[in-house]
Amino acid sequence: QVQLVESGGESVPAGGSLTLSCVVSGYFYSTYLMGWFRQAPGKEREGVAVIHTGGGATYYADSVKGRFIISKDNEKKMVYLQMNSLKPDDTAMYYCAATGGGRVPAARVFKAYEYNYWGQGTQVTVSS
């Protein structure tokens with residue numbers, strides 16, 4: 001069983017930076033997709049950034065491209081989300097997620113149903 005635990009969320013002013021961390025326990029596949037999703041009150045959960053734990057390919061939502069960076073450390077079983085130039089619209093609960101193995105087409109990497117494992121979330125609040 002895979003368990004994910006996020007940390008690093010806090011309240012920051014607009015323009016600030018934060019780095020979220022996700023530690024993976026249990027069996028860790030090198031062919032996983034690991035992703036960061038977020039959900040603001042009253043909104044649907046949306047994919048933000050995804051990384052392939054094997055090859056390292058990354059994917060970003062248009063809303064965060066150029067501001068957020070996803071990275072991994074397979075040896076430590078960690079995935080990170082560096083968030084820069086934060087905006088009030090980035091305020092949300094951020095979730096770490098992992099697929100269960102198997103290939104996921106690029107067109108579906110931000111689809112929540114592709115991910116079998118989820119963390120409890122860490123809150124990010126950006127004040128204007």
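This is a predicted model: local features need pLDDT of at least 70, side-chain atom pairs count only at pLDDT 80 or more; totals for chains, interfaces and linings use all residues.

Student: Are Phe-37 and Tyr-115 buried or exposed?

Tutor: Phe-37 and Tyr-115 are both buried.

Student: How many aromatic pairs are there?

Tutor: The count is five aromatic pairs, taking ring centres within 6.5 Å of each other.

Student: Why is the pair of Phe-37 and Tyr-115 edge-to-face?

Tutor: Their ring centres are 5.0 Å apart and their planes meet at 75°, so the pair is classed as edge-to-face. The cut-off for that class is an angle over 60 degrees.

Student: And where do these two residues lie in the chain?

Tutor: Phe-37 belongs to strand E4 (residues 33-39), whereas Tyr-115 is in the loop between strand E9 (92-98) and strand E10 (117-118).

Student: Which residues do ring pairs link into a cluster?

Tutor: The cluster consists of Phe-37, Tyr-95, Tyr-115 and Trp-118.

Student: Over which rings does the charged end of Arg-45 sit?

Tutor: Two members of that cluster are involved. The charged end of Arg-45 sits over the ring of Tyr-95, at 3.8 Å from the ring centre. It also sits over the ring of Trp-118, where the distance to the centre is 4.7 Å.

Student: Changing topic: which face of strand E1 is covered?

Tutor: In E1 (residues 3-7), Leu-4 and Glu-6 form the covered face. Gln-3, Val-5 and Ser-7 make up the uncovered one.

Student: How many bridges join E1 to strand E3?

Tutor: Five bridges join E1 to E3 (residues 18-25), and the two strands run antiparallel. Within E3, Val-23 stands opposite Val-5, a residue on the uncovered face of E1.

Student: Now the backbone. What is the phi of Lys-77?

Tutor: Lys-77 has a positive phi of about 60°, although this residue is not a glycine. Lys-77 lies in the loop between strand E7 (68-73) and strand E8 (78-83).

Student: Why does Lys-77 count as partly exposed?

Tutor: Because its relative accessibility is 29%, Lys-77 counts as partly exposed.

Student: What about Ser-85, and where is it?

Tutor: Ser-85 is not a glycine either, and its phi is positive at about 50°. Ser-85 is found in the loop between E8 and E9. With a relative accessible area of 43%, Ser-85 is partly exposed.

Note on methods:
Residues are numbered from 1 along each chain as its sequence is written. Side-chain values use heavy atoms; hydrogens and water are left out. Buried means under 20% relative accessible area, exposed over 50%, partly exposed in between (1.4 Å probe, protein chains only). Helices (H or I, at least four residues) and strands (E, at least two) are DSSP runs, numbered from the N terminus. Two strands pair if DSSP finds at least two bridges between them. Rings of Phe, Tyr and Trp (its six-membered ring) pair if their centres lie within 6.5 Å; planes under 30 degrees apart count as stacked, over 60 as edge-to-face and the rest as tilted. A charge sits over a ring if NZ of Lys or CZ of Arg is within 6 Å of the ring centre and within 35 degrees of the ring normal.
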